[in-house]
Each structure stands twice: as structure tokens, then as C-alpha cells.
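Take a look at the sequence and the structure below.

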Amino acid sequence: MIELQNVTKKFGTHTAIQNVSLTVHKGEIHGLIGASGAGKSTMLRVMNLLEIPDSGSIYVGDRELTTRSKRELREARKRIGMIFQHFNLVLNKTVEQNVAVSLQLAQVPKHQQIDRVRECLRFVGLEDQMDKYPAQLSGGQKQRVAIARALANEPEVLLCDEPTSSLDPHTTSEILTVIRDIHERLGVTVIIVSHEMNVIKSICQRVTVMDQGTIYETVPIESSGIPKSDRSPERFIKELKNDA
Ligand SMILES: Nc1ncnc2c1ncn2[C@@H]1O[C@H](COP(=O)(O)OP(=O)(O)OP(=O)(O)O)[C@@H](O)[C@H]1O
Ligand SMILES: [Mg+2]
């Protein structure tokens, strides 16, 4: 579904990811974990070419993204939704208008926008909050709006960068339930970056551990465990294999 082949991304002299290759299967929930600065967000952002890699190829479905024209890339990006730790909502737009933004960018006819916005807000359980502004919502509700906005163009892939890091444990599990629903009911492939081992272990089928811009290992998730303060890749692997 998503394939990175020998991808390198540098920021000035600093190499954020170095010759990374990764395959995420269609219909998978795939985790990315690792210490701060390991390159997790950069990995996610090259997957929809928000960051243009210096070298390597990126396939989403059977489409190679790096060789596409601007117009083709815009089309391909419609199939890739993204959500963030800090929600990134437009503060002076209502819930309804925030979700409609992605449909406007995709030039969906106005009369179709309203139905689609409602449908997405119903999916995340916010149909009755359409006229509110972000400041009037809780963190969990804001993230639901962001999820509805990401779903508006019927993506095949949802990229999640620390989607629960600003939320309390109860709200975290609510948002994880929404993400699981998107995966199960809509068949969307999900890639989720998180520092929180409990998040990764509760939702992912496989997880890739990043270390200093490279992939340390990709492992299947088998059982549950507790977060630890040690952020070394060896520790992540141990804990994922549950022999910590
Ligand atoms: N736009 C940028 N300009 C310069 N350097 C950057 C930029 N984005 C990332 N970097 C650097 O690239 C490296 C990897 O960053 P990245 O954001 O991918 O890490 P991360 O694993 O997501 O970290 P965190 O867990 O703190 O979010 C870091 O050293 C970071 O400082
Ligand atoms: Mg990050």
C-alpha cells in the first residue's frame, strides 16, 4: 500500500532520515515509535510529500509520488488524510467550515459539500456541534473535527502524527476507538506516530522502531505492556516483544 524505497531527507547538513525503506500493507494499522528527533514525523511527512525527499521513491497504492506533476500530486494527496497533535483547526471557522476546507481545496461542488461534511461529522459523533468554533470545544472534540476533515475526501490512507499526545487517558482511548472504527468500517490504512507505548500496543498490528533517522526494526504487536522511561531502541523492542 505504502512503500518507501531508500528515502533520504536532509535539512541543511542534518540528515533527518537516512536511506529508509519501509512497506506498510494495505488495511494495516502501522505504528512508528522512537526517541524525539528519531525522524518519525519526517517519515510521515514524506509519505504525502509534505517533505520532498532528497532521494528515494515513495509509492502509495501503485502510484509513485515523487515523479508526479503538481496537479497529479494534488489528486494523489486527496487519498491521504492527516491529523496532528495540535489539531491544526482554523480558529475563526466553525466546525462545519473546518471540515469543508478539505472539500473546497479538492473543488468538490458546493451542494455536495454540505452532505459530505454532515456525514463525516456524524461518523465522529459531532453532528450536533457543527456551528461551534474550535475554542468552544474540548481537546477530544477538536481532534474529532480534525479527523472528520481528514476523512472528507474519502482517503485510503490516514497519517496520524501523535494524535493523542495532547489528550488525557480517557479521551485518548475515545480517539483510538474512532481511529479503529475508520480502519475497520472504512478499510483505511493507518500509520500512527506515538511516544506512548500503550497507544501503539493497543491499536497497531505492526510497529517500526526508528533510531537516529534509520529504521531499527519492524515488529508485530503481540501483547500489552506499560510505558517505560528508557527511550533506547533496544528498550522499545524489548517492550514490544513483552520481555522487558
Ligand atoms: N523543517 C525542519 N528544518 C530543520 N530540521 C528539521 C525540520 N524538521 C525536522 N528537522 C530535524 O530532523 C530531525 C528529525 O525530526 P522529526 O521531526 O522527524 O523527529 P521526530 O521523531 O518526529 O521527533 P519528535 O518525537 O520530537 O516529534 C530532528 O533532528 C529535527 O530537528
Ligand atoms: Mg514528531
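## Around ligand 1

The shell around ligand 1 is made of four nonpolar, seven polar and two charged residues. This is a predicted model. Of the 13 residues around the ligand, the nearest are Ser36, Gly37, Lys40, Ser41 and Thr42. Two elements each give two or more residues to this shell: strand E2 (14-24) and helix H1 (40-47). H1 gives the most, with three residues.

| Residue | Part of the residue | Distance to an oxygen atom of ligand 1 |
|---|---|---|
| Histidine 14 | polar side-chain atom | 3.0 Å |
| Glycine 39 | polar backbone atom | 3.0 Å |
| Histidine 195 | polar side-chain atom | 3.1 Å |

Taken alone, ligand 1 exposes 630 Å². The protein buries 60% of that area.

## Helix H3

Now turn to helix H3, which spans residues 95-105. Its buried residues are Val95, Asn98, Val99, Ala100, Val101, Ser102 and Leu103. What covers the buried residues of H3? The cover includes helix H4 (110-123) and helix H5 (139-151). After H3 comes glutamine 107, and its phi is positive, near 55 degrees.

## Confidence

The average pLDDT of the chain is 91. A score of at least 70 is reached by 95% of the residues. Residues 224-228 are another matter: there pLDDT stays under 50. For this stretch the model has ten contacts beyond four places in sequence.

Technical notes: Residues numbered from 1 in each chain as written. Chains lettered and ligands numbered in written order. Predicted model: local features only at pLDDT ≥ 70, side-chain atom pairs only at ≥ 80, totals over all residues. Heavy atoms only, no water. Buried < 20%, exposed > 50% of the residue type's maximum accessible area, 1.4 Å probe, protein only. Helix = DSSP H or I, 4+ residues; strand = E, 2+ residues; numbered from the N terminus. Contact = heavy atoms within 4.5 Å. pLDDT = per-residue confidence, 0-100. Near = heavy atom within 4 Å. Polar contact = N/O pair within 3.5 Å; in protein donor to acceptor, adjacent residues only side chain to side chain. Areas by Shrake-Rupley, 256 points an atom, 1.4 Å probe, with all protein chains shown as cover. Nonpolar A, V, L, I, M, F, W, Y, C, P; charged D, E, K, R; others polar.
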